[in-house]
Amino acid sequence: MDLKIEESFVNKYISKNKRNRIYHELSNTKKRKRAIGRFCHNAMECIDSEMIKYRGEDFQYGIELISNSNDKECYLISWDDSIDGCLYEPLEAINKMDSIGMPSIAIFSNFCIIKTEQIMGAAEIFILE
């Protein structure tokens, strides 16, 4: 885990009244899944709505941002322990996020992509800038 990246994510994209709680849970290994789980069905309760640039079911807007970005890697927060807290090439990160049914967050230098839990149909995608 890179707590500096995660703290920056929380301070930029999470609503003020949820920041302390989510950061505390992310930084605590026993509570980390609870923080990530908040993005399963209640992402809008956590996200600073003023930061939302896209909300839907398609990664395409995120792929366009990635292609126009100078980021060579991004940081993933994920329910899946095998990819949680790791750095990935941006398109590889999107593929990993898309392949699991649980929430994941890709953090870039100027935006982030949040994928919620997939229940029926496609998962909801949020792009925050």
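## Contacts and fold

A contact here means heavy atoms within 4.5 Å. The model is predicted. In the protein chain, 55% of the contacts with a separation of 6 or more involve residues 24 or more positions apart.

The chain has 6 helices and 6 strands. Along the sequence these elements follow the pattern α-α-α-α-β-α-β-β-α-β-β-β.

## Dimensions and burial

A compact globule of 129 residues would have a radius of gyration near 14 Å, so the 13 Å of the protein chain agrees with that expectation. The C-alpha trace spans about 35 × 30 × 30 Å along its principal axes. Of the 129 residues, 43% count as buried.

## Strand E5 and its partners

Strand E5 covers residues 112-115. E5 is joined to strand E4 (residues 104-107) by 4 bridges, and the two run antiparallel. E4 and E5 form a hairpin with 4 residues between them. Within this pairing, Ile105 has Ile114 as its bridge partner. E5 also pairs with strand E6 (residues 125-128), again in the antiparallel sense and over 4 bridges. Here Ile113 stands opposite Ile127.

In a regular strand the side chains alternate between the two faces of the sheet. In E5, Cys112 and Ile114 are on one side, and Ile113 and Lys115 are on the other. These four residues are all buried, and both faces of E5 are covered.

Conventions. Residues numbered from 1 in each chain as written. Predicted model: local features only at pLDDT ≥ 70, side-chain atom pairs only at ≥ 80, totals over all residues. Heavy atoms only, no water. Rg over C-alpha atoms; globule rule 2.2 N^0.38 Å. Buried < 20%, exposed > 50% of the residue type's maximum accessible area, 1.4 Å probe, protein only. Pairing = 2+ DSSP bridges.
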